[in-house]
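Biologist: Hi! Could you walk me through this model before I set anything up with it?

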Amino acid sequence: SLVIGDRVLITVRTEKVGTTSYVQSYGLWHGGLLGNGSAVCVFLSPETGEKWPISKDIRDRMADLEGWA
């Protein structure tokens, strides 16, 4: 359990990258794993709100951060 003032570690990992979206998993740690979750993040055009393909540059940066390259 946590109390105000406790230090925690939050981890994030990109699990999968699709054409217009990616999946990330999260962990909350304090003397062991306290909680976890995941999110599907979708790229959208700021002009139209429609799905937008993830660029090669962003894919490459994700690969570098995750050690996939």
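Modeller: Happy to; we can start with the overall fold and then look at single residues. Keep in mind that this is a predicted model.

Biologist: Good to know. Which secondary structure elements are there in the protein chain?

Modeller: The protein chain has three strands and one helix. Going along the sequence, the pattern is β-β-β-α.

Biologist: And what is the radius of gyration of the protein chain, against that of a compact globule?

Modeller: The protein chain has 16 Å, whereas a compact globule of 69 residues would be near 11 Å. The C-alpha trace spans about 45 × 30 × 15 Å along its principal axes.

Biologist: How much of the protein chain counts as buried?

Modeller: Of the 69 residues, 14% do.

Biologist: What about contacts between residues 24 or more positions apart?

Modeller: They make up 30% of the contacts with a separation of 6 or more.

Biologist: Switching to charges: how far apart are the mean positions of the positive and negative ones?

Modeller: They are 4 Å apart, with 7 positive and 8 negative charges in the protein chain.

Biologist: Okay, side chains now. How many aromatic pairs does the structure hold?

Modeller: One. Its partners are Y22 and F43, with ring centres 6.0 Å apart and planes at 70 degrees.

Biologist: Why is that pair called edge-to-face?

Modeller: Planes over 60 degrees apart count as edge-to-face, and the rings of Y22 and F43 are at 70 degrees, so the pair falls in that class.

Biologist: Where do the two partners sit in the chain?

Modeller: Y22 belongs to strand β2, residues 21–29, while F43 lies in the loop between β3 (33–42) and α1 (56–66). They are 21 residues apart, so the pair links distant parts of the chain.

Biologist: What else does F43 touch, leaving aside its neighbours within four places in sequence?

Modeller: Besides Y22, F43 is in contact with T20, E50, K51, W52, I54 and I58. The C-alpha atom of F43 is 10.0 Å from that of S55, which is 12 residues away along the chain.

Biologist: You mentioned T20. Where is T20 found, and is T20 buried or exposed?

Modeller: T20 is in the loop between β1 (9–17) and β2. With a relative accessible area of 17%, T20 is buried. Beyond its neighbours within four places in sequence, T20 contacts C41, V42, F43, K51, W52, P53 and I54.

Biologist: And T19, buried or exposed?

Modeller: T19 is exposed, at 57% relative accessibility. T19 is also found in the loop between β1 and β2. With neighbours within four places left aside, T19 is in contact with W52, P53, I54 and R59.

Biologist: Last one: what can you tell me about L65 in the helix?

Modeller: L65 is in helix α1, and L65 is exposed, with a relative accessible area of 75%. From L65 to L28 is 20 Å, C-alpha to C-alpha, and they are 37 residues apart in sequence.

Biologist: Great, thanks!

Definitions and conventions: Residues numbered from 1 in each chain as written. Predicted model: local features only at pLDDT ≥ 70, side-chain atom pairs only at ≥ 80, totals over all residues. Heavy atoms only, no water. Phe/Tyr/Trp six-rings, centres within 6.5 Å; stacked < 30°, edge-to-face > 60°. Helix = DSSP H or I, 4+ residues; strand = E, 2+ residues; numbered from the N terminus. Rg over C-alpha atoms; globule rule 2.2 N^0.38 Å. Buried < 20%, exposed > 50% of the residue type's maximum accessible area, 1.4 Å probe, protein only. Contact = heavy atoms within 4.5 Å. Lys, Arg positive; Asp, Glu negative; His and termini not counted. Charge placed at Lys NZ, Arg CZ, Asp CG, Glu CD.
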